[in-house]
Amino acid sequence: MANPHFHSPFHFLSFIVLCLVLVQFCTVSSVVLVGLRNHQNHPHHRRPMLSANQSSCALFMGTWVRDDSYPVYQSSCPMIDPEFNCQMYGRPDTDYLKYRWKPANCEIPRFNGLDFAMKMRGKTVMFVGDSLGRNQFQSLVCMISAGIRVGSPTQIFRGEPLSTVKFLEYGVTVSYYKARYLVDIDIIQGKRVLKLDDIRGNANNWRGVDVLSFNTGHWWSHKGSLQEWDYMESEGRFYQDMDPLLALEKGLRTWGRWVDSNIDTTVTKVFFQSISPTHYDPSEWNAGSLTTSKSCYGETTPMIGGSTAHPGTYSDQMKVLETVIRDMNNPPYLLDITLLSEMRKDAHPSIYSGDLTPGQRANPDHSADCSHWCLPGLPDTWNQLFYIVLFFLH
């Protein structure tokens with residue numbers, strides 16, 4: 001007896017075709033979902049395009065590809081500090097603005113400032129750390145501003161140690177808190193004491209934030225007049241010097257204990273940005289060539305190919321950071337930008353960092369900034385990945 005639900009062979013055939021389409025759609029969607037979650041437990045809100053034959057997306061391994069649709073915003077963004085505003089201060093080339101990060105096994109979405117503002121409605125983001133955190137903070141503010149409507153009201157407060165931008169139409173607050181070592185520095189008998197076991201003074205300013213992104217690294221290796229302390233204190237003893245990696249580990253473990261004890265990670269999302277590389281030694285990217293240069297001056301293109309290991313000076317710092325994070329009860333998401341940034345020898349301010357004198361500009365080996373990054377520029381990619389992890393993976 002014929003099935004009463006199908007009144008003709010045509011209806012039965014249509015049903016079979018529909019079933020096949022649905023099966024194919026569900027199969028492809030399941031691959032996309034697995035790739036998106038990438039070892040995370042929370043579902044995503046939107047779906048980046050991923051290769052259908054990949055089960056995961058290695059966000060931080062890949063190559064830089066030319067893309068003339070970049071940058072996301074212009075150097076006229078009022079949040080950019082002079083030291084990062086390379087175009088405003090005379091950088092003659094623009095090719096460094098035209099590169100897009102392409103992970104090895106997937107396609108990722110562009111940053112969408114309006115989408116960020118709407119998803120973060122009524123919430124707060126805070127970057128905590130050294131001037132690389134300020135680099136990323138200013139980048140994110142400019143990227144959001146470029147995506148929302150012209151004239152949308154904002155409130156800007158620049159201070160020390162806290163700077164804040166509020167996007168009033170969305171109730172979104174983005175802040176930067178300056179804490180180069182994360183742990184506290186106190187004045188004791190007129191001397192600056194880096195307190196490796198105490199973070200409470202700084203950390204009181206981080207409570208109640210919805211998304212926290214931390215960084216530290218460069219300042220732990222500074223010596224002499226460049227360091228910000230006269231003594232270190234650990235376990236009640238004072239030190240005039242200490243192995244910088246040991247001091248970094250002590251400071252990071254203090255930070256890790258504070259996060260484990262004070263942050264509810266079901267409410268607050270916590271990130272730690274990996275070490276941002278510098279480019280002061282051209283022999284690192286010109287293997288075999290003889291050079292006396294000590295800067296990134298004149299570099300206009302990324303390194304060809306990809307890196308496979310954490311580079312140079314900061315590899316030991318990365319090992320310390322990874323060990324501390326591994327030992328935490330509630331570890332942060334490690335935004336591992338080190339390798340992709342290592343390829344961008346072209347993206348530093350060099351001599352186009354604020355109002356340098358003609359004499360300083362004529363002597364790049366002594367004045368070029370090959371530590372920070374131009375804005376617009378590389379930190380925009382950090383924030384694109386931050387956006388992807390926050391809304392699609394976290």
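Student: Which residues lie nearest the centre of the largest cavity?

Tutor: A cavity is a set of points on a 1 Å grid over the protein atoms alone where a 1.4 Å probe fits but cannot get out; lining residues have an atom within 4 Å of a point. Here 16 residues line the largest cavity, and Tyr70, Tyr99, Gly377, Asp380 and Thr381 lie nearest its centre. The model is predicted: local features need pLDDT of at least 70, side-chain atom pairs count only at pLDDT 80 or more, and totals for chains, interfaces and linings use all residues. Residues are numbered from 1 along each chain as its sequence is written, and side-chain values use heavy atoms, without hydrogens and water.

Student: Which helix gives the largest share of that lining?

Tutor: Helices are DSSP runs (H or I, at least four residues), numbered from the N terminus. Helix 10 (residues 378–393) supplies 4 residues, the largest share.

Student: How many aromatic pairs are there?

Tutor: Rings of Phe, Tyr and Trp (its six-membered ring) pair if their centres lie within 6.5 Å; planes over 60 degrees apart count as edge-to-face, under 30 as stacked and the rest as tilted. The count is 18. Trp206 and Phe214 are edge-to-face because their planes are at 70°, with ring centres 5.2 Å apart. Tyr387 and Phe391 also form an edge-to-face pair, at 5.7 Å and 75°.

Student: How are Tyr387 and Phe391 placed in helix 10?

Tutor: They are 4 residues apart, so about one helical turn separates them. Both are buried (under 20% relative accessible area, 1.4 Å probe, protein chains only).

Terms used
1 Å grid on protein atoms, 1.4 Å probe; cavity = no way out; pocket = protein on both sides within 12 Å on 5 of 7 lines; lining within 4 Å. Helix = DSSP H or I, 4+ residues; strand = E, 2+ residues; numbered from the N terminus. Buried < 20%, exposed > 50% of the residue type's maximum accessible area, 1.4 Å probe, protein only.
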